[in-house]
Amino acid sequence: MHETERHRIILSAVQERPVVTVPELCQMTGASEATIRRDIAGLHVQKKLRRVRGGAEAVAPPGFVGINARPFAMQETLRAPEKRAIARAAVDLCDDGDAIIVNGGTTTFQMVHPLTTKRLQVFTNSFPIAEHLLKHSKNTVLLPAGVIYREQNIILSPFDDDGSRHFHARRMFMGCRGLGPLGLMEGDPMLIQAEQKLIGQADELIVLADSSKFAQRSSLVLCPLARIHTVVTDDGIDDRAARMLEAAEVRLIVAEVPAADRRRQKG
């Protein structure tokens with residue numbers, strides 16, 4: 001990852017929470033601790049953040065507290081080749097005329113490119129997904145009512161009557177914070193509430209999770225593995241995670257990431 005991209009991710013991260021640690025930034029960027037410490041020192045000198053012991057914080061933390069989810073812009077470039085491969089495999093499950101729900105997220109956003117060749121009814125709480133499909137496809141696009149969370153580019157509503165109850169889908173496609181034996185995990189109660197409403201409107205739940213998500217955990221369980229029909233992941237999934245899904249009778253689709261995409265990402 002180039003320095004400019006690392007800096008963008010670091011600055012976005014420090015706006016998300018009071019303090020971001022060096023190990024957390026290493027995980028987000030794939031860089032070494034020495035590199036991250038140099039980045040923090042440079043951004044501190046430029047007065048773009050404040051260096052603190054073990055990490056960094058924002059110079060002027062935002063007054064509005066959003067949801068506990070990483071900003072869309074920060075997540076979008078992480079594991080991009082895997083996300084594109086997963087999204088292509090997910091869209092292969094769709095047939096013209098289907099009604100689907102696509103939950104907001106950076107992996108599900110990658111579905112928009114292959115979806116341009118389809119004619120579906122798409123209910124989504126994602127601004128970027130809705131905008132792209134409106135501009136570049138003939139899909140019918142529906143949005144729920146609710147509050148706009150700019151950092152994540154999604155619409156969430158604390159109320160029952162947000163329009164989602166009137167839409168029935170054959171499949172719902174969504175990403176996740178983590179995926180483990182207890183099920184699908186998320187990091188914020190508001191996300192849990194909104195996503196559970198959407199899940200209830202679909203016959204099948206399709207989870208798009210790159211292979212790193214099997215090692216991620218959160219304190220909040222969105223739904224058990226038994227509710228998941230299919231998991232679409234990349235070819236980095238290990239045998240333990242595959243056995244876990246098999247034991248839960250969850251269908252597993254493994255998308256192969258083209259070598260050229262991996263090389264471009266590293267370059």
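Trainee: Over how many bridges do strand 12 and strand 14 pair?

Mentor: Before the count, please note that this is a predicted model, in which local features need pLDDT of at least 70 and side-chain atom pairs count only at pLDDT 80 or more, while totals for chains, interfaces and linings use all residues. Residues are numbered from 1 along each chain as its sequence is written, and side-chain values use heavy atoms, with hydrogens and water left out. Strands (E, at least two residues) and helices (H or I, at least four) are DSSP runs numbered from the N terminus, and two strands pair if DSSP finds at least two bridges between them. Here L208 has V232 of strand 14 as its bridge partner, and strand 12 and strand 14 pair in the parallel sense over 3 bridges.

Trainee: Which residue of strand 15 is the bridge partner of V232?

Mentor: V232 belongs to the residues that point one way from strand 14, together with T230 and D234, while V231 and T233 point the other way. Strand 14 and strand 15 run parallel and are joined by 5 bridges. Within strand 15, the bridge partner of V232 is I253.

Trainee: How many residues of strand 14 are buried?

Mentor: Buried means under 20% relative accessible area and exposed means over 50%, with partly exposed in between (1.4 Å probe, protein chains only). In strand 14, which covers residues 230-234, the residues that point one way and those that point the other way are all buried. Strand 14 is therefore largely enclosed by the rest of the structure, the buried count being 5 of the 5 residues.

Trainee: Which residue of strand 9 is the bridge partner of I101?

Mentor: Strand 9, residues 169-174, is mostly covered, with 5 of its 6 residues buried. Strand 9 is joined to strand 12 by 5 bridges, the two running parallel, and in that setting A169 stands opposite A202. Strand 9 also pairs in the parallel sense with strand 4, residues 99-102, over 3 bridges. There, the bridge partner of I101 is M172.

Trainee: Within what arc do the buried residues of helix 10 fall?

Mentor: The buried residues of helix 10 include A241, M244 and L245. Because their directions from the helix axis to the C-beta atoms span a limited arc, they line one face of the helix. The face turned away from the buried side carries the exposed residues D239, R240, R243, E246 and A247. Seen down the axis of helix 10, the buried residues fall within an arc of 95 degrees.

Trainee: Which residue follows helix 2 with a positive phi?

Mentor: Helix 2, residues 22-29, has V22, L25, C26, M28 and T29 as its buried residues. These fall within an arc of 165 degrees when seen down the axis, so they line one face of the helix. After helix 2 comes a residue whose phi is positive, near 80 degrees, and that residue is G30.

Trainee: Is K47 buried or exposed?

Mentor: K47 has its place in the loop between helix 3 and strand 2, and its phi is near 60 degrees, a positive value in a residue other than glycine. At 69% relative accessibility, K47 counts as exposed.

Trainee: Which element gives the largest share of the lining of the largest cavity?

Mentor: A cavity is a set of points on a 1 Å grid over the protein atoms alone where a 1.4 Å probe fits but cannot get out, and lining residues have an atom within 4 Å of a point; the volume is the space filled by probe spheres set on the points, which are joined across faces, edges and corners. The structure holds 1 cavity of 30 Å³ or more, and about 80 Å³ of space lies in the largest cavity. Strand 8 and helix 9 are the elements that give two or more residues to its lining. The largest share, 3 residues, comes from helix 9.

How values were computed: On a 1 Å grid over the protein atoms alone, a cavity is a set of points where a 1.4 Å probe fits but cannot get out, and a pocket is an open set with protein on both sides within 12 Å along at least five of seven lines; lining residues have an atom within 4 Å of a point.
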